Amino acid sequence: MKYQARKKALVLLADGTIFYGKSIGIEGTATGEICFNTGMTGYQEIFTDPSYFGQMMVTTNAHIGNYGINNEENESESIKISGLICRNFSFTHSRVDSDSNLYDWFEKHNLVAISDVDTRALVSYIRDNGAMNAIISTEIDNIDELKKQLAETPNMEGLELASKVSTKEPYFVGDENSSIKISALDIGIKKNILRNLVKRGAYVKVYPYNASFEEMSDFNPDGYFISNGPGDPEPLVEAQNTAKEIIERNLPLFGICLGHQVIALANGISTYKMHNGHRGINHPVKNLLTGKGEITSQNHGFAINREETEAHADVEITHVHLNDHTVAGIRMKSKNVFSVQYHPEASPGPHDSEYLFDQFIENIKKAKVEA
């Protein structure tokens, strides 16, 4: 068996706290904002989700790697997390349709990962003390140098990361003969969002993070979409201006996660950094329009200001997170615009919220009839 290197490794938090573990065999050092995901499945989708760019992932599920990797289940073209911290790492896997094991996949992407960490204690510490930068390393004998590297890691607040994960050139997805055309702003888009739009008969043109309204309207779309993505939404001024132009013209617009925050900012509603964010596939949300509950997939470290949203004359809160009552969805009263803070494409996760894609398509069809 080639996985023999089990060097000691550590997690060093920005406040100086240290947790020890073992390397899975890929030596090195990695930095980023530490966060945790409570999902029991879907680690591959999590690791390739562009929204996690620049973040160190702690998985609360005790076993990672036990069902291997399937190349069809990536949410982007590469691993997006900065590093992995887990309890038990499985070098062997058991799954009929797996393409490889997790170790070989990590080695291919040179991802630093450490296991045998007391993740329950680490997650408890993050919950109490909040999200912060961290460094993981197999170089455990030079703490001072690691502290220096960690101090040079930029804070997530104020950090623009959409440009790091967005497409460089526009591209098309779906059937070019479709009757519904959508322009999508890629600020970290997941593949399953595009699959859900295409499944509902849409032909989608995906644009880079800084595309203007004029560029996106050249496609002559029937509707517009703003995607999920990493980092702080406030520096995304170009995306906010594009959203303002779409809203001003009352064109169908749907936003998810970071896109939801961009739409809020375009309406003058501020955002803020959360204590430790929401990341998992079991978050309860209430739809205030129907009174129904939804179990949702979530991944965000920022949220929109609830008081400002409630005070806004033209914005209505449609969904609320039941754990902390943060805003989980909004719609505009006089415009064909709505957005949610969670992931209705739910990859990984439950499918309770897929109706939101149907709602978007219906909004587009109604707008076409009225045009």
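Two strands pair if DSSP finds at least two bridges between them. Strands (E, at least two residues) and helices (H or I, at least four) are DSSP runs, numbered from the N terminus. This is a predicted model, where local features need pLDDT of at least 70, side-chain atom pairs count only at pLDDT 80 or more, and totals for chains, interfaces and linings use all residues. Residues are numbered from 1 along each chain as its sequence is written, and side-chain values use heavy atoms, without hydrogens and water.

Start with strand β12, residues 202–207. On one side, β12 pairs with β10 (residues 171–173) in the antiparallel sense over 3 bridges. Here Y171 is the bridge partner of V206. β12 also pairs with β11 (residues 180–185), in the parallel sense over 6 bridges. There, A184 stands opposite V206.

How buried is β12? Buried means under 20% relative accessible area, exposed over 50%, partly exposed in between (1.4 Å probe, protein chains only). 6 of the 6 residues of β12 are buried, so the strand is largely enclosed by the rest of the structure. A202, V204 and V206 point one way, while Y203, K205 and Y207 point the other way.

Now turn to a site from a record. An unreviewed UniProt entry lists S51, G229, G231, L258, Q261, N299, G301 and F302 under "binding site". They spread over 252 residues of sequence, yet cluster in space, with a largest C-alpha distance of 13.2 Å. UniProt positions use the numbering used here, feature names are shortened, and annotations may be inferred rather than shown by experiment.

Look at two members. G229 lies in the loop between β13 (223–226) and α8 (237–248). At 9% relative accessibility, G229 is buried. G301 sits in strand β16 (residues 293–304) and is buried too, at 12%.
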